[in-house]
Amino acid sequence: ALTPHAELDLLKQGFMFVKWSDGRSVAGPVKNRLLNLTNTPNHQAKTGLGQYANFILSNGDMPVFAVVNGFLVNLNEEAKPVLNTMGY
């Protein structure tokens with residue numbers, strides 16, 4: 001039940017995934033979210049060629065952009081859902 005504003009706040013804190021607590025999350029693409037969903041409490045994102053791009057770009061200690069599944073999110077603008085967050 002996270003709002004887009006709450007998800008943006010979590011991105012600013014460095015979170016890229018949120019654990020689905022209402023049963024199992026969907027697997028595959030999820031619409032109208034900023035964060036990826038997971039069923040595991042300690043999801044480990046894989047990095048490397050062929051993997052989805054999920055990372056935070058910062059200026060010093062200040063997060064400025066997030067890349068969520070390859071989509072750029074400006075952390076200084078109003079929250080807008082990403083087109084292809086994922087459920088794991």
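# A hairpin turn and its surroundings

Asn 69 sits in the loop between β5 and β6. Its phi is near 50 degrees, a positive value in a residue other than glycine. Most residues other than glycine have a negative phi. Asn 69 is also buried, because its relative accessible area is 6%. Buried means under 20% relative accessible area, exposed means over 50%, and partly exposed lies in between (1.4 Å probe, protein chains only).

The model is predicted: local features need pLDDT of at least 70, side-chain atom pairs count only at pLDDT 80 or more, and totals for chains, interfaces and linings use all residues. Residues are numbered from 1 along each chain as its sequence is written, and side-chain values use heavy atoms, with hydrogens and water left out.

## The chain as a whole

The protein chain has one helix and seven strands. Helices (H or I, at least four residues) and strands (E, at least two) are DSSP runs, numbered from the N terminus. Along the sequence, the pattern reads α-β-β-β-β-β-β-β.

Of the 88 residues in the protein chain, 34% count as buried. The accessible surface comes to about 5,800 Å², and carbon and sulfur atoms hold 56% of it. These areas come from the Shrake-Rupley method with a 1.4 Å probe; for residues, only the protein chains shown count as cover.

Now look at contacts, meaning heavy atoms within 4.5 Å. Among contacts with a separation of 6 or more, 52% join residues 24 or more positions apart.

How many bridges pair β4 with β5? Strand β4 (residues 54–59) and strand β5 (residues 62–68) pair in the antiparallel sense over six bridges. Two strands pair if DSSP finds at least two bridges between them. Asn 54 has Val 68 in β5 as its bridge partner. Ser 58 stands opposite Pro 63 in β5. The two strands form a hairpin with two residues between them. In that turn, Gly 60 has a positive phi of about 70 degrees.

Strand β5 also pairs with β6 (residues 71–74), running antiparallel, and four bridges join them. Val 68 has Phe 71 in β6 as its bridge partner. Phe 65 has Asn 74 in β6 as its partner. This hairpin, too, has two residues between the strands, and Asn 69 takes its positive phi here.

Is β5 enclosed or open? Five of its seven residues are buried, so β5 is largely enclosed by the rest of the structure.

## The nonpolar core

A nonpolar core is a set of buried Ala, Val, Leu, Ile, Met, Phe, Trp, Tyr and Cys residues joined through side-chain atoms within 4.5 Å. The largest one has 14 residues. Leu 8, Leu 11, Leu 34, Ala 66, Val 68, Val 73 and Leu 75 touch the most other members. Helix α1, strand β1 (17–19) and β5 each supply at least two residues of this core.

Leu 8 touches Leu 34, Val 73, Leu 75, Glu 77, Glu 78 and Ala 79, leaving aside residues up to four places away in sequence.

Side chains of opposite charge can pair when their charged atoms come close. A salt bridge is a side-chain nitrogen of Lys or Arg within 4 Å of a carboxyl oxygen of Asp or Glu. The count comes to one salt bridge. It links distant parts of the chain: Glu 7 is in helix α1 (residues 4–12), and Arg 33 is in the loop between β2 (28–30) and β3 (36–38), 26 residues apart. The closest N and O atoms of Glu 7 and Arg 33 are 2.6 Å apart. Both Glu 7 and Arg 33 are buried.

## Surface and other residues

Phe 55 lies in β4. With Leu 57 and Leu 72, Phe 55 forms a nonpolar patch on the surface, with about 280 Å² of accessible area together. Patches are made of residues with over 30% relative accessible area and no salt bridge; like charges are joined within 9 Å, and nonpolar side chains (Val, Leu, Ile, Met, Phe, Trp, Tyr) within 5 Å.

Phe 17 lies in strand β1. Its C-alpha atom is separated by 6.7 Å from that of Thr 38, 21 residues apart along the chain. Gln 51 lies in the loop between β3 and β4. Gln 51 and Gly 70 are 19 residues apart in sequence and 9.8 Å apart in space, C-alpha to C-alpha.

| Residue | Class | Relative accessible area |
|---|---|---|
| Asn 69 | buried | 6% |
| Phe 17 | buried | 18% |
| Phe 55 | partly exposed | 38% |
| Gln 51 | partly exposed | 39% |
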